Amino acid sequence: MIREKDGIHFELDERNIVADSRSTTGDLNIVSHAHFDHLHQSRSQVVCSELTAKLTEARTGEEVDRLEEHDIKLIPSGHILGSTAALFGGEKKYLYTGDVSMRKTAYLDGFNPVSADALVVESTYGVPAYTFPDQKEVESRIKNFIQDNRDQPLYLFGYSLGKAQKIQKIIESVVERPVLAHGAVKKMNDAVEEYTGVSFQAESYGENKQKLEDENAVLVAPSRSSQADWIDKNVERYGGLKAGFSGWAAQSSFKFRGGYDETFVLSDHCDFNELLELVRQVDPEEVYTHHGFDEELASHLSNQLGYSARALKQNQTSLGQFQ
Ligand SMILES: [Zn+2]
């Protein structure tokens, strides 16, 4: 039985495995990555990568009771540093992708699918409208934007863990002016630097604000601050352009909603075609979708491609029960 109920619950014969739940506890609790919506609150019997545990600890200040010995295979999922998919089960193999990306972006390799009998896949961008341009093209557009606007400050917005670091790595090769990191971004930069070989040029925004005016600095800040008063005040005082980075940028509404001057389709997730390719490579008997366009992706998979596919909705029972 697989169900969505504050995370994904796998009720198998011998035990309950719970993935990415904030509150409930299974016999084993998978944490696929260190984004806040996936952080396990009990922090016990946790199965995750070492890096996810460390990044979680850096974010929350609490220790993660990470199991060293278990029979769940963790496979890098290409979403953010430390993120993993999980493969488990006896005769019947289950693959839980967590948030997943097949593309190589900046310093992160894409997910390499393995075969499984039952696939639980995220479907954030599970409709054809979210077909992303080539990653190299996106990265070179970003670099051009940075170079073409060297005579004014730039304010770049993305999630503080993952996206903000990718933005920094993409622009570092072209900027000849200071890069400033907002406090939340700097904290994640420091954690990533401490636990991986990746390092960043950025200085902290707090002590170096003046560089926006004096040296046309580039500020990297969390997406939630794109319309904050302090940003608007900076733009008023020093001028400059605001840019947003997200898969949602594939639709023009993203630009208006975030109040951006420019947007880039820089995503940490699979686009529609990559989701289909992932399913094809896993070659499962059953597919369960969750998150975003879950119904749409499941119906495309079953109606167009002949898979046995179903969206996992809150408290709904599994495909097996309906057959
Ligand atoms: Zn995530």
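**Notes on the model**

1. The model is a predicted one. The C-alpha trace spans about 65 × 45 × 30 Å along its principal axes.

2. The secondary structure consists of 11 helices and 17 strands. Among contacts with a separation of 6 or more, 60% join residues 24 or more positions apart.

3. Of the 323 residues, 56% count as buried. The accessible surface comes to about 14000 Å², and carbon and sulfur atoms hold 42% of that area.

4. The largest nonpolar core has 24 residues. L95, F111, L119, L278, V287 and L301 have the most contacts inside this core. At least two core residues come from each of β7 (84-88), β9 (118-122), α9 (272-282), α10 (294-303) and β17 (308-311). The most is given by α9, with six residues.

5. What does L278 touch, leaving aside residues up to four places away in sequence? Its partners are T97, V100, M102, F111, P113, L119, V121 and C270. Two of these partners, F111 and L119, are also listed with L278 among the residues with the most contacts inside the largest core.

6. There is also a second, separate core, made up of 22 residues. Its members include A164, I170, V175 and A181.

7. On charge, the protein has 34 positive and 51 negative charges.

Key. Residues numbered from 1 in each chain as written. Predicted model: local features only at pLDDT ≥ 70, side-chain atom pairs only at ≥ 80, totals over all residues. Heavy atoms only, no water. Core = buried A, V, L, I, M, F, W, Y, C linked by side-chain atoms within 4.5 Å. Buried < 20%, exposed > 50% of the residue type's maximum accessible area, 1.4 Å probe, protein only. Helix = DSSP H or I, 4+ residues; strand = E, 2+ residues; numbered from the N terminus. Contact = heavy atoms within 4.5 Å. Areas by Shrake-Rupley, 256 points an atom, 1.4 Å probe, with all protein chains shown as cover. Lys, Arg positive; Asp, Glu negative; His and termini not counted. Charge placed at Lys NZ, Arg CZ, Asp CG, Glu CD.
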